[in-house]
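Hi,

Here is the structure we talked about. Please open it first, then read my notes below.

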Amino acid sequence: MNCSKTRLKLLDFIDGNLDQKNTANVEKHLSGCDVCRGFFTELQQFNILMHTEKKPNVNPFLSNRIVETMVLQSDTPSQLHRRHFSKLTAAAAIAVLVVAGIFGGLEIGNRITSGLSSSQADHPEISSLVNELNHEPLEQMLFNLNTPAQ
Amino acid sequence: MNDHDLIKAVKKGDEKAFHELVENYQQMIIGTALGFVGNLDDAHDITQDVFIEIYRSINSFRADSSLSTWIYRITITRSLNHIRREKRHKDQIVVETDIREETSDPLEDADRKKILHLAISSLPKNQQIAFTLHNYEDLSYKQIAQIMQRSISSVESLIFRARKNLQKKLWEWYKNSRV
């Protein structure tokens, strides 16, 4: 077996995956070839490294660190869903309040206007006040109050 | 708690269940990530990223595959992204060889590790994935086929080619280091 053929079988040789005949051929070549033997030694070292890396030591605090980071960085899936939902609910509630405020205000305004007009006959004193305010706006009245009498 | 109950509980936001999920799968994720990146600190960072992704996307997990298959896929994607970010391309193995030539010190395990992982990361992506899952996680061809969504024979062929390519790359490095 020549060098290139031997080299291609070295990983299988290390893993014990070669049949008897090929194993014997590789062994024979390695015993007589310094270069291939040197490479074989290096491959063995790489193989040992791969095995030592297989079960790495896990930092015992890693799981705590991860969970803490998650809690700090984000919400749980259901919390995310809940938060999303609560934001939508809040927006909807605000919209409802605004609309209700506008309509409520208009309704109250209408009632006052219609109420006043119907009660003007019953309560002439209120009617005169309202009429007075209509004719004499509040700003004008306040201005007159601040102006010294001549 | 089995995986099904665990997923259900995590979806509901059960912090204890998530803790259990981390305990159950951290070793698997670190081992896989380490197989790809060859550095424990980086593997820990990737593990954290993987759990964040699991946490955020658990609602989209449909259980078409097993939980471990899904987690392996996330880990592989994260690890390959990490390698891409670190720009560990195949030319770097030459740089490592140059360092070896300049120093002429006996090769330390740390250097050997770097060379090994540079050689693995310079393999074509699918060969790299199949080789890493087989060699670092001891997964069967069938499990790898499920994770990679390929046939068993295709996985077998990927691993065979990966081993031959790796051998060639390491021989190139060894040959150059002797000059």
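Start with one pair of side chains. A:Asp15 and B:Arg163 form a salt bridge, and their closest N and O atoms are 3.0 Å apart. This pair crosses between chains: A:Asp15 sits in helix α1 (residues 3-15) of chain A, and B:Arg163 sits in helix α9 of chain B. Keep in mind that this is a predicted model.

Are the two partners buried or exposed? A:Asp15 is partly exposed, at 32% relative accessible area. B:Arg163 is buried, at 13%. That value counts as buried because the cut-off is under 20%. The pair also belongs to a network of salt bridges that links A:Asp12, A:Asp15, B:Arg163 and B:Lys164.

A second pair to look at is B:Arg112 with A:Glu42. Their side chains meet in a salt bridge at 3.0 Å, N to O. B:Arg112 lies in helix α6 (residues 109-121) of chain B and A:Glu42 in helix α3 (residues 34-52) of chain A, so this pair joins two chains. Both B:Arg112 and A:Glu42 are buried.

How many salt bridges are there between chain A and chain B? The count is four. Over all chains, the whole structure has seven. One salt bridge inside chain B pairs B:Lys175 with B:Glu172, at 3.3 Å, N to O. These two are three residues apart in helix α9 of chain B, so about one helical turn separates them. B:Lys175 is partly exposed, at 35%. B:Glu172 is partly exposed too, at 38%.

Now the interface. Chain A brings 40 residues to the contact and chain B brings 46 residues. Together the chains bury about 4,200 Å², with 63% of it on carbon and sulfur atoms.

Next, chain B itself. It has nine helices and zero strands. Of its 179 residues, 51% count as buried.

Last, the nonpolar cores. In soluble globular proteins, nonpolar side chains tend to be buried together. The largest core here has 48 residues. Those with the most contacts inside it are B:Phe18, B:Leu21, B:Phe51, B:Ile54 and B:Ile71. Helix α2(B) gives the most to this core, with twelve residues. Domain 1 (1-86) and domain 2 (89-179) of chain B each supply at least three residues to this core. Apart from it lies another core, of 26 residues, including A:Leu30, A:Phe39, A:Phe40 and B:Tyr136.

Best wishes

Definitions and conventions: Residues are numbered from 1 along each chain as its sequence is written. Chains are lettered from A and ligands numbered from 1 in the order in which they are written. This is a predicted model: local features need pLDDT of at least 70, side-chain atom pairs count only at pLDDT 80 or more; totals for chains, interfaces and linings use all residues. Side-chain values use heavy atoms; hydrogens and water are left out. Helices (H or I, at least four residues) and strands (E, at least two) are DSSP runs, numbered from the N terminus. Buried means under 20% relative accessible area, exposed over 50%, partly exposed in between (1.4 Å probe, protein chains only). A nonpolar core is a set of buried Ala, Val, Leu, Ile, Met, Phe, Trp, Tyr and Cys residues joined through side-chain atoms within 4.5 Å. Domain bounds come from an automatic or database domain assignment. Contact means heavy atoms within 4.5 Å. Buried area is the accessible area (1.4 Å probe) that two parts lose on being put together, summed over both.
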